Amino acid sequence: MPELPEVETIIRGLAPVIEGEVVSAAKVNRPDLRWPFPKNMANRLIGKTIKQLRRRSKYILADLSCGQTLLIHLGMSGTIHLIEKNKKNFKTNTSFYSFQNLPKKHNHIEIHFGNLIMIYNDPRRFGFFKLLKDKESFKLYLNNIGYEPLDKNFNLKYLKKSILFRKKCIKSILLDQKIISGIGNIYANEILFHSGLNPRKKGLKLKDFELKYLYKYSKLVLKKAILKGGSSIRDFRNTEGAKGSFQDNFKVYNKDDHNCPNKKCNYKIKKINISNRSTFYCENCQK
């Protein structure tokens, strides 16, 4: 599943291409994904201009000229592809966990902008689209999502308030989108290693200096991942067909039985399961 850095990479690739463009045609090839598509969505998009493309947590948001916002969540396997009608062998992949070229199956939505077509492909169909009619609808729909580490409202005070009285382990807290949004399994593992925190440690047990490390590295790890274009675990590409490279900077994720990257440590990275998610850590460096 794409996490915050991958979605941000997609936004930065798509925005220069489709912002300011008018939807000339739209086609829905099946009635639903995780949930049914908005009623008469294709016709409601035609003639609308994409005023701005932005991100909230792991959501792609396209603000339309009519005042509505098209909200897209990629789910587990959703990918966005760009096709130029008159260009052959165009590298289309802009998304996470998919092939570089447009697959032949599961192309559920087509949105046309003149000579350019944006196609949404999703084999597992866990993604979804919503049309939010106004700013109030937008606020209500995303009201239960916590601040993300890159949000200006995400500060040490917010982090303390969100974590200190929770009995859940810190790994589960980082993955709870209602508490802190945008972080998925990959980056939770990396943030906890850099912070020196055992993933099983309960939120209410964290000390002030540990919260400061968590605050610091939640921001730094995500910022670095964005600069690297996200993580290409399988075949993630940006809109120019380039792989993300943050996986080259992984310290613990998927590194079980490897030596701890800290030079003064002679332990190996362990793999355990927390809330049905693979968790990687060094039991010597993460207390």
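In this predicted model, the buried part of helix 6 takes in Asn185, Ile186, Tyr187, Ala188, Asn189, Glu190, Ile191, Leu192, Phe193 and Ser195. That is ten of the eleven residues in the helix, so to speak a mostly covered element. The cover comes from several places: the buried residues of helix 6 pack against helix 1 (4-18), helix 5 (170-175), helix 7 and strand 10 (277-281). Just past the end of helix 6, glycine 196 adopts a positive phi of about 70 degrees.

Of these neighbours, take helix 7 to begin with. Two packed helices are described by the angle between their axes and the distance between the axes. For helix 6 (residues 185-195) and helix 7 (residues 208-227), the axes come within 9 Å and cross at roughly 130 degrees. That angle makes helix 6 oblique to helix 7, since roughly antiparallel would take an angle over 145 degrees. The crossing of this pair is right-handed. On the helix 6 side, the contact uses Tyr187, Glu190, Ile191, Leu192, His194 and Ser195. Facing them in helix 7 are Tyr213, Leu214, Tyr217, Ser218, Val221, Leu222 and Ala225. Sorted by type, the residues of this contact come out as nine nonpolar, three polar and one charged. An α-helix has 3.6 residues a turn, so residues three or four places apart point the same way.

Helix 7 also packs against helix 1, with the axes 9 Å apart and an angle of about 40 degrees. Helix 1 and helix 7 are therefore oblique to each other, as an angle under 35 degrees would be needed to count as roughly parallel. Here, too, the crossing is right-handed. Helix 1 brings Leu4, Pro5, Glu8, Thr9 and Arg12 to the contact, while helix 7 supplies Leu222, Ala225 and Ile226. This set divides into five nonpolar residues, one polar and two charged. Leu222 and Ala225 turn up in both lists, meeting helix 6 as well as helix 1.

Zooming out, the protein chain has seven helices and ten strands. Buried residues account for 53% of its 287 residues. As for how the chain folds back on itself, take the contacts between residues at least 6 apart in sequence: 63% of them join residues at least 24 apart. The accessible surface of the chain comes to about 14400 Å², and carbon and sulfur atoms own 48% of that area.

Notes:
Residues numbered from 1 in each chain as written. Predicted model: local features only at pLDDT ≥ 70, side-chain atom pairs only at ≥ 80, totals over all residues. Heavy atoms only, no water. Axes fitted to C-alpha atoms, helices over the stretch in contact; angles between N-to-C directions. Helix = DSSP H or I, 4+ residues; strand = E, 2+ residues; numbered from the N terminus. Parallel < 35°, antiparallel > 145°, perpendicular 65-115°, else oblique. Left-handed = near helix turned anticlockwise from the far one by under 90°. Contact = heavy atoms within 4.5 Å. Nonpolar A, V, L, I, M, F, W, Y, C, P; charged D, E, K, R; others polar. Buried < 20%, exposed > 50% of the residue type's maximum accessible area, 1.4 Å probe, protein only. Areas by Shrake-Rupley, 256 points an atom, 1.4 Å probe, with all protein chains shown as cover.
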